[in-house]
Amino acid sequence: MASVAAKNVVKKYGSVNVLKGVSLDVSDGEFVVLVGPSGCGKSTLLRMIAGLEEISEGEISIGGEIVNDFLPKERNIAMVFQSYALYPHMSVHENMSFSLKLKGGSKNEIDQKVGRAAQILGLEKLLHRRPRELSGGQRQRVAMGRAIVRDPQVFLFDEPLSNLDASLRVQMRSEIKELHERLGTTMIYVTHDQIEAMTLADRIVVMRDGLIEQIGTPLELYDSPNNRFVAGFIGSPAMNFISGEMTDGGFKTSSGIFLPCDTSKRSAVTYGIRPEHLHLHQEGVEVSVSLIEPTGAETQVAAHLGDDPIIGVFRGRVSAQRGSVMWVKADLECVHLFDSAGKRV
């Protein structure tokens, strides 16, 4: 196991600046998830840690040693890609043991390492099969097993679940988290899916346009986002944002509706509230229902507060129809206010 650190890392492709001075410290044994929209630089940073991309400026260290000039094979890392990249003519055992054979490992050593990885991942009965005889989830486990047998200091994951269907993604998320708890190895995981980030990470790194917007635990980012971008990116459905201005009577929306809040935050021009922090209440504000989406345990309601679209998520059933009116009230302790620069105030 080892810590990983990036110090003022810059990546340029000609005149295009993809990473603009990123600094990040990952502790030994920590599970860190890099998340952000496409093009934010998260995969580029991961590939630079792996040695697959050259560093334009700055330093990357693994285990306290600067590795800028190290080849990928010299960094003692293992990477799991979005593509399984399995050899189709080889069995599961042969795929998992291939790198060990290249290093000249003995048959006994190879069998022990493959057997241990297969046991961890539940692949013992599949070692004789070819990739075409496996499901998508099983293939991804083989790809992880191929990484585990190398006994690396650091695991790197580049959107490993994006090719799986929804139910398999949920299953594989659990398996990756259990894998980290068993091995205790440092893991850095890239995804654009903020649900994956929330469920897997010890800490999340939110990136945008080649910069880090915020680093924190999943609940820190959810409950205390630094700015409107993080608030809108973390959480599904996304936070509701309502434009307006602060007055002595509360937050006045652009439609002239007053919403209760902390009126001392005079610089606020955007009112933010998460869908689950809206509650049905006769003393609330009137909204016009545009769509009802029952999901079983919860009901998601799309509506309009004046001219502003909002979404509410309510426990149980909601007796409303398109075009009807309902009254909602925000949990005042969960209101977020943002200034004109998008910073939370």
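Two strands count as paired here if DSSP finds at least two bridges between them. Helices (H or I, at least four residues) and strands (E, at least two) are simply DSSP runs, numbered from the N terminus. The model is a predicted one, so local features need pLDDT of at least 70 and side-chain atom pairs count only at pLDDT 80 or more, while totals for chains, interfaces and linings use all residues. Residues are numbered from 1 along each chain as its sequence is written, and side-chain values use heavy atoms, with hydrogens and water left out.

Strand S1 (residues 4–13) runs antiparallel to strand S4 (residues 57–62), and five bridges join the two. Within this pairing, Lys 7 sits opposite Glu 59 of S4. S4 also pairs with strand S5 (residues 65–66), again in the antiparallel sense, over two bridges; here Ser 61 has Ile 66 of S5 as its bridge partner. S4 and S5 make a hairpin with two residues between them, and Gly 63 in the turn has a positive phi of about 65°.

Then there is an open sheet of five strands, ordered S13-S12-S11-S14-S19, with antiparallel pairing. Its edges are S13 (258–259) and S19 (336–338), each of which pairs on one side only. S13 is held to S12 (residues 250–253) by two bridges, and Lys 252 stands opposite Phe 258 of S13.

The loop between S13 and S14 (270–273) is where Thr 263 is found. Thr 263 has 28% relative accessibility and so counts as partly exposed, given that buried means under 20% relative accessible area, exposed over 50%, and partly exposed in between (1.4 Å probe, protein chains only). Beyond its neighbours within four places in sequence, Thr 263 is in contact (heavy atoms within 4.5 Å) with Met 246, Thr 247, Asp 248 and Gly 250. Met 246 is 17 residues away in sequence, yet the C-alpha to C-alpha distance to Thr 263 is 6.7 Å.

What about the helices? Take H3 (residues 107–121), whose buried residues are Ile 110, Val 114, Ala 117, Ala 118, Ile 120 and Leu 121. These lie on the same side of H3 because they cover an arc of only 160° around the axis, the arc being that of the directions from the helix axis to the C-beta atoms. The face turned away from this buried side carries the exposed residues Asn 108, Gln 112 and Gln 119. Among the elements covering the buried residues of H3 are helices H2 (92–102), H4 (136–148) and H5 (166–183). Just past H3, Gly 122 adopts a positive phi of about 70°.
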